[in-house]
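Take a look at the sequence and the 3D view, then read on.

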Amino acid sequence: MINENMVELADRDRRHIALVLVGLQELFGESFQSLSPLARCLLCTICDQCAIGFIGLFVGGPGSGKGTQCTTVVEHFGFTHLSAGDLLREDIKSGSANGTMIQNMIKEGKIVPSEVTVKLLQLAMQESDNDKFLIDGFPRNEENRAAFENVTGIVPEFVLFFDCSEEEMEKFNFWAGTRVDDNIETIRKRFNVFVESSLPVIEHYRSREKIDAGKPIEDVFKTVKNIFTVNDIFGILHFTVC
Ligand SMILES: Nc1ncnc2c1ncn2[C@@H]1O[C@H](COP(=O)(O)OP(=O)(O)OP(=O)(O)O)[C@@H](O)[C@H]1O
Ligand SMILES: O=c1ccn([C@@H]2O[C@H](COP(=O)(O)O)[C@@H](O)[C@H]2O)c(=O)[nH]1
């Protein structure tokens, strides 16, 4: 049975180990990023030096249910949801200098230049009090991924892929139908962009979890909740990323 004294002792030991590991991390230097995800997680979780905490990515085709599932994970696990698409739409509304360019790209289902999206994500993380984020609908391509990692220094390892057929995505989006890009012509363009540019970057994340997103919302949530619960129990959701 854990009691208060044991927790204090554990904290003191943890700080002691942290000092050793911070030293080790300095020794690893550049090669830190080439350590296995688990080794990095272990170093990170003990070193306590990171400015930004845990980042999970929700990726999948247009209308595969990423946003829907994020909402429920936020409620149960205390994450802040950052939808790259929502941030871009908010930027248009704010009257930013990039607004017209972003609007045109979205209408065509094209991918907005990485520097714009990464800057919006970075700002949203910096402005948040939370240190646990779910980034939804990003990265869309290899350039997005590289730019995010270069600018933020974060290499996300927790990736949920919402796998869904084109027919299912069309059906889901048909019922939504509230956005400039929720028409059948643009939905198909978005799907093609997803297959050509986004799928390869999803495959880059070897530790991704694939979810059958074509099932009813409640069933998908059960699967997602199980993944989060297991990772929460093992402390993985608390690991930070240097
Ligand atoms: N498993 C599901 N079964 C039926 N409908 C669903 C399912 N998941 C989501 N939907 C519905 O499909 C629509 C799109 O869902 P959602 O916005 O969550 O997808 P998304 O992947 O975030 O889409 P986008 O990439 O366009 O932002 C919504 O109307 C949502 O209610
Ligand atoms: O990282 C991103 C995210 C989105 N876009 C553009 O926005 C639309 C809509 O995105 P949703 O995720 O479906 O809300 C998408 O088709 C792209 O045009 C982007 O360029 N980069």
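Start with a pair of side chains: Glu170 and Arg188 make a polar contact through their side chains, at 2.8 Å. Keep in mind that this is a predicted model. Glu170 has its place in helix H8, which covers residues 166–176. Is Glu170 buried or exposed? Its relative accessibility is 17%, and because buried means under 20%, Glu170 counts as buried.

Now over to ligand 2. What kind of space does ligand 2 take up? That space is the largest pocket. Ligand 2 has 17 residues around it, and the closest are Arg89, Lys110, Val112, Arg140 and Arg179. Sorted by type, the shell has seven nonpolar residues, four polar ones and six charged ones.

| Residue | Protein atom | Distance to an oxygen atom of ligand 2 |
|---|---|---|
| Lys110 | polar backbone atom | 2.6 Å |
| Arg140 | N or O atom in the side chain | 3.0 Å |
| Arg190 | polar side-chain atom | 3.3 Å |

Taken alone, ligand 2 would expose 450 Å², and the protein buries 96% of that. Which elements give two or more residues to the shell around ligand 2? They are helix H4 (84–93) and helix H5 (99–108). H4 provides the largest share of that shell, with four residues.

Conventions. Residues are numbered from 1 along each chain as its sequence is written. Chains are lettered from A and ligands numbered from 1 in the order in which they are written. This is a predicted model: local features need pLDDT of at least 70, side-chain atom pairs count only at pLDDT 80 or more; totals for chains, interfaces and linings use all residues. Side-chain values use heavy atoms; hydrogens and water are left out. A residue is near a molecule or strand if one of its heavy atoms lies within 4 Å of it. A polar contact is a pair of N or O atoms within 3.5 Å; within protein, one must be able to donate a hydrogen and the other to accept it, and residues adjacent in sequence count only if both atoms are side-chain atoms. Accessible areas come from the Shrake-Rupley method with a 1.4 Å probe; for residues, only the protein chains shown count as cover. On a 1 Å grid over the protein atoms alone, a cavity is a set of points where a 1.4 Å probe fits but cannot get out, and a pocket is an open set with protein on both sides within 12 Å along at least five of seven lines; lining residues have an atom within 4 Å of a point. A molecule sits in a cavity or pocket if more than half of its atoms lie within 2 Å of its grid points. Ala, Val, Leu, Ile, Met, Phe, Trp, Tyr, Cys and Pro count as nonpolar, Asp, Glu, Lys and Arg as charged, and the others, Gly among them, as polar. Buried means under 20% relative accessible area, exposed over 50%, partly exposed in between (1.4 Å probe, protein chains only).
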